[in-house]
Amino acid sequence: MRTFVIRTFGCQMNKHDSERIAGLLRAQGMRAVGDAGDADVVVFMTCSVRENAVERIRGQVASLKALKTGGRPDLLIAVGGCVGQQEGEGLLRALPHVDVVFGTHNLAHLPALLESAARTRRPTVEVLDSSDTFASDLPSEREHPWHAWVPLMVGCDNFCSYCIVPYVRGRERSRPIGKVVAECERLAADGVVEVTLLGQNVNSYGRDLYGAPRFAEALRRVAATGVRRVRFATSHPKDLSPETIAAMAETPGVCPYLHLPVQSGSDDVLAAMNRHYTKDSYLALVERLYEAIPGLALSTDIIVGFPGETDDDFAETLDVVRRCRFDQAFTFIYSPREGTKAAALTCSVPGDVVHERFDRLVELVQASALEKNRAYVGTVRDVLWEGPSKRDESMLAGRTDTNKVVHAPCPAGHSPQSYAGSFCEVGIEAAQTWFLSGFLSGSLSGFLSGARRA
Ligand code: SAH
Ligand code: SF4
Ligand code: F3S
């Protein structure tokens, strides 16, 4: 077992867990490679939030079978994350060539499980109900030297009726605030310029530990560590407090970007989803946010085709999208998840109706995104470069503090990669639906004379 590949699906929590696994395997003397064909171990970090996510993973795992039977019998395949947690040993029935199944609570045991599977040449399964240790206290290998995921909490207590997450990630558990701040101080000293604080419901951070939420305080204290950009995900509308809005408005390092999933605009659907807010209370919250935080960018998640969703219900969702001026919306077709409350609902919406609604929603979301982006044209923005653009490797790609992707030509004689982790002022010339185009403006000389921070 000398080399490994990790394939990650799902949310940022999984990305973070994958970085921990990379750190653990590296600590065992193993090396990361890019291709499963060169790897001794392939780890899948899986997501079970929707059925199509699960299908994709099953397909990829199955396609490795050919490698194993075609001359690589020692190749070890490990499946972890939320599908591992949910299906456990059952995964081996569908995918008998998997060697290790692990869950969301026992990342730290992966090296031992791999070792056991290699030694015994038998599949090894370990899934725990919960764990006492935070994955964050394990070694980690950051994907980008300039960015870090920092978990504030794991698990979720909300039990939205459609959602599997509380079942695969367990109950909410917060990390002590001192540990979070100390980690961010270390990261800042290590050249990290952007942290993303993670939790399924960050606004209730601290409730289990301190009896009352301390998210606003966490934001202010993390920003005070000197990390230049502080991001966070995800916020539940029912728990977004005035204190948090004030902390966002008053703390320069906290990015003016908020992901605030609305899920639906219909009060009946929201009630059936167990979301604990109404269309009007969501709209009022959004107005307060725009007033308090100038230039705020707002994104959301929306589910189409929740059981019983009528044309009128869906019209309310479109109305919310029109009125909230979202910068982005992640739109999902409802997928029943076994074990959740909504899975028992029989009033499903016919597929063609769902698809027609979905297309109308996407069109409206795109128009909203383009309109928000157009307001950037002619302004100068602080951009954190991430490296070459995926569309054109000779171009730079980065993000504004509002999470807009920006493309700009890379100055001659420099590689886009060499800019990764550095900030630059960019003049925005053009807006597309999902990105902005610009040019490096005045501070380029500052950049070249050492403003680089990575
Ligand atoms: N904790 C976060 C995100 C959880 S999953 C939050 O509460 O916002 C990300 C998104 O997936 C959800 O916001 C929801 O829009 C979507 N989702 C979750 N379960 C789903 C299901 N069964 N079918 C379709 N979409 C779902
Ligand atoms: Fe799922 Fe709701 Fe928890 Fe988000 S808040 S993870 S949607 S149960
Ligand atoms: Fe998916 Fe698990 Fe995240 S189900 S969305 S990877 S918590």
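How far apart do the C-alpha centres of domain 1 and domain 2 lie? The C-alpha centres of these two domains lie 28 Å apart in this predicted model, for which local features need pLDDT of at least 70, side-chain atom pairs count only at pLDDT 80 or more, and totals for chains, interfaces and linings use all residues. Residues are numbered from 1 along each chain as its sequence is written, chains are lettered from A and ligands numbered from 1 in the order in which they are written, and side-chain values use heavy atoms, with hydrogens and water left out.

**View 1. The domains of the protein chain.** The protein chain is assigned domain 1 (3-126), domain 2 (135-373) and domain 3 (379-453), with bounds that come from an automatic or database domain assignment.

**View 2. The interface of domain 1 and domain 2.** In domain 1, 25 residues are in contact with 26 residues of domain 2, where contact means heavy atoms within 4.5 Å. About 2400 Å² is buried between the two domains, 56% of it given by carbon and sulfur atoms; buried area is the accessible area (1.4 Å probe) that two parts lose on being put together, summed over both. On the side of domain 1, Met13, Glu19 and Arg20 lose the most area to domain 2, together 31% of what that side buries.

View 3. Four salt bridges are counted between domain 1 and domain 2, a salt bridge being a side-chain nitrogen of Lys or Arg within 4 Å of a carboxyl oxygen of Asp or Glu. The side chains of Arg169 and Asp17 also meet in a salt bridge, at 2.9 Å from N to O. Helix H1 (12-27), helix H2 (51-63) and helix H4 (81-87) each supply at least two residues of the side of domain 1 that touches domain 2, helices being DSSP runs (H or I, at least four residues) numbered from the N terminus. H1 gives the largest share of that side, 12 residues.

**View 4. The surroundings of ligand 1.** Ligand 1 is surrounded by 14 residues, of which the closest are Arg50, Gln200, Gln263, Asp301 and Ser335, a residue being near if one of its heavy atoms lies within 4 Å. A nitrogen atom of ligand 1 is 2.8 Å from an N or O atom in the side chain of Gln200, and an oxygen atom of ligand 1 is 2.6 Å from an N or O atom in the side chain of Asp301.

**View 5. The shell around ligand 3.** Among the residues around ligand 3 are Cys11, Cys47, Cys82, Arg169 and Gln200.

Terms used
Polar contact = N/O pair within 3.5 Å; in protein donor to acceptor, adjacent residues only side chain to side chain.
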